[in-house]
Amino acid sequence: MANYMDIIASCKDKPGGIIEAYHAIQKEYNYIPQEALKEAARAFKVSEAQAFGVATFYSYLSVEKRGKYIIRMCESAPCHVAGADEVLKTLEAHLGIKVGETTSDGKFTLELTECVGQCQATPVVTINSEPIFGVKPEMVPEILAKFK
Amino acid sequence: MAQEYRVLLEYADKINPEKASDYIKVGGYKGLEKARSMNPKDLIEEVKKSGLRGRGGAGFNAGMKWSFVPQYPETKYVVCNLDEGEPGTYKDRIICQKNAQALLEGMAICGYAIGSKQGYIYCRGEYPFVVELLKNAIGNAKESGALGEFDIEVRMGAGAYVCGEETALIESIEGHRGEPRFKPPFPGVEGLWRMPTVVNNVETFACLPYILTNGAEWFAGIGAKSYPGTKVLTLTGDIENATYFEVPTDYLLRDVIYELGGGVKGGKKLKAVQVGGTSGAFIPPQNLDTPIDFDSMSAIGAALGSGAVFVMDETRDIVDIVNRIAKFFEHESCGQCTPCREGTFRCKEIMEKINNGRGSLQDIENLKLLARVMMKASLCGLGQAAPIPITSTLTHFEYEYLRKLV
Amino acid sequence: MTNSINELENDSKCIFLIGTNTTENHPVIGYKIRQNVLKNGAKLIVADPRRIELAELADVYLPFQPGTDVALFNGMMNVIINEGLADREFIENRTEGYEAMAEVVAKYTPEVVAEICGVDAEDIRKAARLYAESEAAAVCYAMGLTQHSTGTDNVKSCCNLALLTGNLGKPGAGVNPLRGQNNVQGACDMGALPVVFTAYQAVTNDEARAKFEKAWGVELSGSNGLTLTKAINKAHEGEIKGMIVIGENPMVSDPDLHHVEEALDRLDFLLVQDIFLTETAKKADIVLPGVSFAEKDGTFTNTERRVQRVRKAISNIGDARQDWEIICDLSTRLGYPMSYNSPEEIFEEIRTLTPSYAGMTYARLEGKGLPWPCPTEDHPGTPILHKEKFNRGLGLFHAIEYIEPAELPDDEYPIILSTGRSLYHYHTGTMTRKATGLHEFMPENVIQIHTALAQAKGIVDGEVVRVSTRRGSIDLKAEVIDGIREDVIFTYFHFAEAAANQLTNSDVLDPVAGIPEYKVSAARIEKI
Amino acid sequence: MDIKLTIDGKEVVVPQGTMLIDACRQAGADIPTFCFDPDLKLAGSCRMCVVQPKGWRNLVASCVTPAQNGMVIETESPDVIEARKVVLELMLARHKLTCHTCEKDGECNLQDYCYRYGVTESRFVGKVHSLFKDDSNPFIERDYDKCVMCTRCVRACDEITGARAINVMDRGHHAKIATSFDGELADSPCVFCGQCIMVCPVGALSSKIAAGKGKPAQNEKVLTTCTYCGTGCTLELNVKNDKVVGVTSNRDPEWSPVNRGALCVKGRFGWDFINSPERLTTPLIKENGEFREASWDEALNLAAQKIKGIKEGYGPDSLAMFSSARITNEENYLAQKLMRAAIGSNNVDHCARL
């Protein structure tokens with residue numbers, strides 16, 4: 001696992017690159033640990049409060065620990081009319097968690113998302129940003145099995 | 001029968017978008033070459049003459065926008081908006097995946113016109129693979145020398161619809177919360193890092209090489225007079241062919257659905273179509289014979305916007321969909337200004353109440369009042385447009401609301 | 001201050017802080033410096049053994065060894081002269097004594113100074129360049145510069161630096177002592193000093209004395225009096241028999257408290273006038289209750305020489321009386337009648353005897369106040385001193401050699417103890433420790449110690465440790481931090497029950513100013 | 001260059017670059033604001049100051065819109081009033097309405113504007129998320145259930161004090177003011193200067209030290225100079241029933257030349273020693289090692305007698321006086337005069353060196 005110090009150092013010459021740094025940190029940690037956020041504030045010469053304000057503004061960034069695989073169910077209108085609610089219920093049932101929670105084994109976190117721009121085959125689920133198209137409730141076990 | 005007219009997507013899947021050489025083989029980078037042979041002033045005139053208008057929300061004349069950029073200071077930026085967050089929209093992704101080099105060439109043309117050597121592409125966080133593609137495409141173009149001195153950096157958004165607003169986008173590139181700035185000053189004068197900045201979206205930039213190569217008159221002659229060129233549309237919802245198309249801008253909405261789209265899915269009747277993404281108006285079937293261009297859509301109280309076409313069949317519950325849309329805006333409001341921060345939240349609450357059968361006529365009145373003030377008094381386009389799905393459905397589909405009231 | 005406070009926010013292009021933890025001890029001035037750096041990009045140089053808050057924003061931070069100030073200044077001047085950054089025109093037209101100074105400074109190359117101060121030679125160069133190349137560079141200092149056995153030398157060196165670069169008499173520049181107490185400037189201006197009457201008119205000057213004798217209608221002594229620290233020593237020796245103490249607390253504020261206590265015990269008579277029964281008041285034979293600033297009218301003079309109004313908000317508490325009335329009454333009973341109707345009437349007398357205050361009236365002070373000198377009623381006051389010329393005409397360079405602090409670390413006391421103030425308390429804590437919020441937030445003293453030193457000693461954060469010097473020992477909670485030199489420990493002097501001044505040195509004073517060396521005591525820290 | 005515009009039917013001339021809010025105020029219009037603060041960067045976000053430029057589709061926030069030549073502005077058109085009322089109702093819908101016990105009662109913008117526009121209740125009351133921050137610090141109360149998200153506190157923290165302790169966290173309706181990781185102020189770079197309280201237009205931020213002692217709006221305010229360090233900040237002592245019950249500050253540079261309203265923790269929160277029960281209220285004379293209360297006459301006569309005795313016995317230079325860097329100029333003057341003229345020695349000093 002790359003050290004967050006190194007990750008931040010690699011971005012710090014980019015003006016305004018704190019969001020890039022956050023992306024890179026999340027790639028390693030799946031969230032932004034407190035120490036990493038503090039270091040990012042130092043490196044980009046912003047206050048910690050501002051660094052925190054930025055991290056909490058964007059829905060892809062999280063300051064709370066998340067699972068290894070982040071499942072995001074799109075609930076925007078095109079997915080909504082294509083049955084996103086049913087897929088979500090199935091996901092919750094199979095994972096045994098509600099939206100916003102992480103499975104006890106730390107494997108999956110379930111989140112909602114707005115449109116991910118893959119509306120050619122709705123509804124869409126992404127797992128660690130990889131889109132899965134035209135998801136039907138009955139496909140859920142098979143999809144999850146791939147990430148076990 | 002109306003047909004697709006492919007300009008930006010002519011060589012889709014026939015060339016490798018990452019490779020400048022592929023693109024050059026089909027005539028790429030000729031536009032930039034021509035641009036560079038011109039005086040920047042003349043170049044801006046040429047773009048103005050083409051009638052090219054922004055393919056985002058505001059439909060502003062691109063050449064005009066560029067002409068506002070002052071000669072000094074020397075540091076200026078060209079920023080490409082690839083934060084297409086309007087639900088049901090993915091046309092900028094398609095343009096990148098099929099013809100990324102045209103985008104790069106377009107940005108370089110703009111850079112030459114305004115005297116900027118640095119471009120940024122702000123790509124939404126949902127498209128990490130597009131970021132990779134673009135980085136490779138830029139690397140390849142730089143290597144080939146096609147871009148000359150013009151540099152482009154890709155920055156990735158992180159899940160904020162509001163960053164599609166150009167000043168919020170600029171804030172985000174600067175590493176801040178994506179909160180829109182008040183205007184003036186406009187980005188053309190004071191944009192990225194307070195330097196003059198042109199922000200256009202992918203589709204707008206991608207038109208430029210073709211305008212330069214084929215001439216402004218050629219472009220001005222395509223589609224609707226006041227909004228010439230082509231438009232890439234994405235069809236979603238209850239439609240047979242849920243895919244993308246590139247059409248001239250005088251194309252009729254009816255043809256989009258019934259010709260290219262193959263009609264409503266399962267042969268059902270159409271109830272409504274929402275154009276331009278989630279902030280667009282709901283259009284009833286009686287208005288289908290409207291061309292898709294900016295001004296024609298405005299005339300029926302709608303907007304072409306991003307070119308998303310969301311089709312709803314006769315079985316759909318309009319109030320439920322609008323409720324869902326209200327939730328979208330509540331989630332995406334940046335929270336800066338009072339009408340939007342509180343208004344989107346209360347709109348969602350009231351829509352939920354109505355959708356759950358607990359609403360009253362007073363709730364509908366409150367909704368209308370709220371919508372009016374949000375549209376007039378919000379700081380940016382998000383808050384101003386957020387109530388449109390509500391107001392347009394209250395106009396055309398009021399009975400759907402009334403039948404859900406207590 | 002030669003210049004005014006708001007110039008530090010708006011006009012200074014470079015600010016050099018030495019021996020001032022501005023954000024803690026002059027917070028509002030600290031805000032202004034920070035804003036100038038953050039908003040206008042002013043350059044900032046910080047020299048302090050502790051990595052104070054403003055060091056985080058500094059372009060150059062010099063964590064130099066306490067007491068090596070003269071060496072540091074000389075080193076910077078060495079760079080400025082050698083790199084041709086001196087302001088030749090200013091030196092030519094407005095100063096004298098340059099050659100002698102330059103000769104001394106020539107020895108202090110950055111490398112030599114780096115060795116003395118324990119900082120990087122390159123940083124000294126960088127600091128010198130930043131300061132000298134700025135259009136307007138201000139030096140600000142506080143007790144970190146002055147509370148040394150070489151305090152006067154330190155200040156003179158500081159002036160040398162400003163003279164060398166022409167940083168006097170213009171906006172944003174200047175030599176700016178940040179004074180620690182609300183009216184320390186005023187107390188000095190008013191002649192509450194053993195050698196001068198108001199406005200620094202020397203008691204040894206016959207003309208001045210004659211003026212005051214005439215005004216006061218009594219013959220006056222023409223020999224210099226004793227400074228506070230000397231008076232304590234003389235009391236200890238039995239030569240001073242009686243003392244009047246008004247609103248001071250030497251039992252906490254003075255060096256070597258054991259010595260102070262013995263001195264006060266030996267007095268025949270001690271009169272204390274205060275608002276609380278301070279540690280000093282407890283020693284008194286008679287205590288007279290005065291009033292706080294909230295209960296009085298008058299004027300304070302701030303660090304930028306601005307005379308401002310103090311306005312009475314509430315009545316005297318209990319049977320307490322206005323301090324000026326107490327003094328008048330006592331004087332009258334001593335056979336020298338004093339009678340005034342109001343502080344304003346006193347001020348009217350002051351301005352007849354005090355040239356720099358002559359143009360001020362209460363009516364003119366309403367609102368913004370006036371910075372002295374303000375010699376006439378139509379004079380607008382003087383925010384910037386030395387614009388056209390210096391008081392003595394030409395600015396005088398002093399050739400100053402570096403002298404080591406009096407008490408250096410040795411095997412027995414291997415580290416340096418330095419003392420100062422916290423943001424949350426004020427001086428001897430008489431007021432702040434009775435302010436509920438401040439007391440709750442910072443109820444007790446701590447000793448700051450570097451992580452490495454703590455580790456070497458096996459001391460953990462929060463542990464109570466013993467700090468000793470040749471004067472004594474106190475037990476303090478350790479605050480283990482990174483932002484301090486490894487060879488320095490720091491504590492606050494607000495806390496009577498864990499009084500830093502039990503540890504400080506009263507033997508060595510600056511020979512001119514009589515200031516104690518609070519910033520350098522050889523000390524030892526150990527686990528209990 | 002000057003430009004001309006019409007505001008509520010009145011023609012006004014202002015320099016180019018003037019914001020509409022200033023032009024409107026010049027025309028005598030009373031423009032309500034929450035986020036606007038002349039000492040801070042513009043936000044343009046509360047939308048309370050909206051006005052109607054003739055011929056424009058939308059209302060504009062007058063605080064961030066430059067006046068243009070020939071503009072015709074209505075500051076209280078029906079649309080403007082409707083928008084302001086809705087803005088107020090939206091704020092009210094999430095506002096903890098405890099005006100009766102609120103420190104800001106009487107000088108609260110929300111209260112004043114609701115009164116002005118007759119907003120008695122909100123039509124948009126719904127779900128309320130409690131945002132009250134239970135912060136254990138002894139100085140600053142953070143009741144974000146009253147917050148209107150004007151962000152003046154954030155800007156004051158950044159632009160006046162420079163502590164940069166707080167910012168906005170999260171977004172949309174859930175956005176709120178927070179330190180990093182939404183912790184307590186004591187764990188942040190906060191220096192408890194209370195500039196955030198000074199700029200807060202409502203009761204979200206208030207002084208814990210002054211709480212319950214007197215509402216600032218009802219207190220008499222006496223402008224004076226701070227008693228702590230040598231900066232010389234101007235502050236306002238709040239007085240009620242002849243008692244100091246709080247400190248506020250005046251931001252007008254004509255009255256607060258050095259600090260322009262900014263204070264530090266000691267100035268703003270360190271005033272209640274004035275009311276300490278430990279204050280000395282009567283002269284004390286020590287007898288057999290114990291103090292006893294005495295009358296002024298007795299104490300002063302005894303003091304004079306002792307001083308005279310020493311002077312007569314050992315000469316004036318056997319006496320010394322420590323005057324004070326905390327008392328006034330007038331008192332210092334008299335003190336040294338007493339020492340020099342009444343006693344006859346120059347042995348007078350004070351703690352300038354300590």
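The legends below describe close-up views of a predicted model. Local features are reported at pLDDT of at least 70 and side-chain atom pairs at pLDDT 80 or more, while totals for chains, interfaces and linings use all residues. Residues are numbered from 1 along each chain as its sequence is written, and chains are lettered from A in the order in which they are written.

**View 1. Contacts among the chains.** Four pairs of chains are in contact, and the pair sharing the most contacts is C and D; two residues are in contact if their C-beta atoms, placed from the backbone, lie within 7 Å. Chains A and C do not touch, with their nearest C-alpha atoms 10 Å apart, and chains B and C do not touch either, the corresponding separation being 14 Å.

**View 2. The side of chain A that touches chain B.** Here 29 residues of chain A are in contact with 39 residues of chain B. Helices H2 (18–29), H4 (48–57) and H5 (77–81) of chain A are the elements that each give two or more residues to this side, a helix being a DSSP run of H or I with at least four residues, numbered from the N terminus. H2(A) gives the most, with five residues.

**View 3. A barrel in chain C.** Six strands (DSSP runs of E, at least two residues) close into a barrel in the order S14-S18-S15-S17-S16-S19, with mixed pairing. Strands S15 (446–450) and S18 (488–492) of chain C pair in the antiparallel sense over two bridges, where pairing requires at least two DSSP bridges between strands. Within S18(C), Phe490(C) is the bridge partner of Gln448(C).
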